[in-house]
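Subject: Structure for you to look over

Hello,

Here is the structure I promised to pass on. Please open it alongside this note; what I found follows below.

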Amino acid sequence: VFPSLAQAQASVANEVYQELGQPSVFLFCPTEYCSSLCSPSPSQSCYLQTIGQELLPGIGVIWTGPKVVSQELSALLLEEVEAVLRRRPVIWDNLYANDYDCRRVFLGPYMGRAPGLMSKLHGLLLNPNCELQANFIPIHTLGTWFRSELGSCAHPDRAGMEAAAALGDGQSAQDGSYNPQEALELALRDWVAEINQQALEPGR
């Protein structure tokens with residue numbers, strides 16, 4: 001019926017989207033959802049080009065970055081993905097995911113995401129550790145990063161200066177930029193306070 005997998009997927013997604021009344025949030029995960037799955041690259045992928053052309057503009061497209069689990073996300077890559085998909089991507093961030101190896105738990109701060117990324121995104125989803133309590137630091141530091149990004153959006157000149165810094169090595173949090181180490185220390189203080197509060201509850 002369809003000349004390609006991409007056209008088939010886009011047709012089905014469009015029909016479901018319309019049948020549901022075009023909801024404000026409707027996400028589509030492409031078969032090629034990161035750079036390493038694209039052939040030969042995101043911008044030259046016939047599959048992604050078709051998805052970008054055929055998928056209705058109100059449908060969000062999920063992207064994980066250079067790899068399934070991406071250590072870094074750059075504005076340059078997101079601009080390439082936006083151009084081929086004809087929309088800003090929704091990042092499905094697998095930085096902390098451990099469902100593929102439950103022997104590992106990731107407790108470090110949210111990092112490796114270039115300053116000023118929010119303007120390149122339609123949204124961001126964090127795929128956490130499978131262990132609920134182990135996600136305090138990931139979610140807390142993501143919140144700190146998000147607040148710093150909001151500040152950068154309010155002061156675009158600052159975002160430009162921060163973009164020159166190395167990934168994960170922002171300036172002091174006092175000037176509104178994101179510093180992973182300071183975010184980690186803040187999260188640890190709040191986590192210890194939370195643990196102490198729970199220890200005081202009856203039955204603990």
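A pocket here is an open set of grid points with protein on both sides within 12 Å along at least five of seven lines, and its lining residues have an atom within 4 Å of a point. The model is predicted.

The pocket. The largest pocket holds about 170 Å³ of space. Its lining consists of Val69, Gln71, Leu95, Tyr96, Tyr100, Arg104, Phe106, Gly108, Pro109 and Met111. By class, that lining has seven nonpolar residues, two polar and one charged.

The helix pair. Helix α1 covers residues 5-19, and helix α2 covers residues 46-54. Their axes come within 9 Å and cross at roughly 30 degrees. Angles under 35 degrees count as roughly parallel, so α1 is roughly parallel to α2. The crossing of α1 past α2 is right-handed.

Which residues make the contact between α1 and α2? From α1 come Leu5, Ala6, Gln7, Gln9, Ala10 and Asn14. On the α2 side they meet Tyr47, Thr50, Ile51 and Glu54. This contact of α1 with α2 has five nonpolar residues, four polar and one charged.

The loops. Two backbone points deserve a mention. Glutamine 22 sits in the loop between α1 and β1. Glutamine 22 is not a glycine, yet its phi is positive, at about 50 degrees. Further along, the loop between β1 (27-28) and α2 contains proline 40. The peptide bond joining serine 39 and proline 40 is cis, with omega about -5 degrees.

Best wishes

Definitions and conventions
Residues are numbered from 1 along each chain as its sequence is written. This is a predicted model: local features need pLDDT of at least 70, side-chain atom pairs count only at pLDDT 80 or more; totals for chains, interfaces and linings use all residues. Side-chain values use heavy atoms; hydrogens and water are left out. Axes are lines fitted to C-alpha atoms, for helices over the stretch in contact, and angles run from 0 to 180 degrees between N-to-C directions. Helices (H or I, at least four residues) and strands (E, at least two) are DSSP runs, numbered from the N terminus. Angles under 35 degrees count as roughly parallel, over 145 as roughly antiparallel, 65 to 115 as roughly perpendicular and the rest as oblique. A crossing is left-handed if the near helix is turned anticlockwise from the far one by less than a right angle, and right-handed if clockwise. Contact means heavy atoms within 4.5 Å. Ala, Val, Leu, Ile, Met, Phe, Trp, Tyr, Cys and Pro count as nonpolar, Asp, Glu, Lys and Arg as charged, and the others, Gly among them, as polar. On a 1 Å grid over the protein atoms alone, a cavity is a set of points where a 1.4 Å probe fits but cannot get out, and a pocket is an open set with protein on both sides within 12 Å along at least five of seven lines; lining residues have an atom within 4 Å of a point. Grid points are joined across faces, edges and corners, and a volume is the space filled by probe spheres set on the points.
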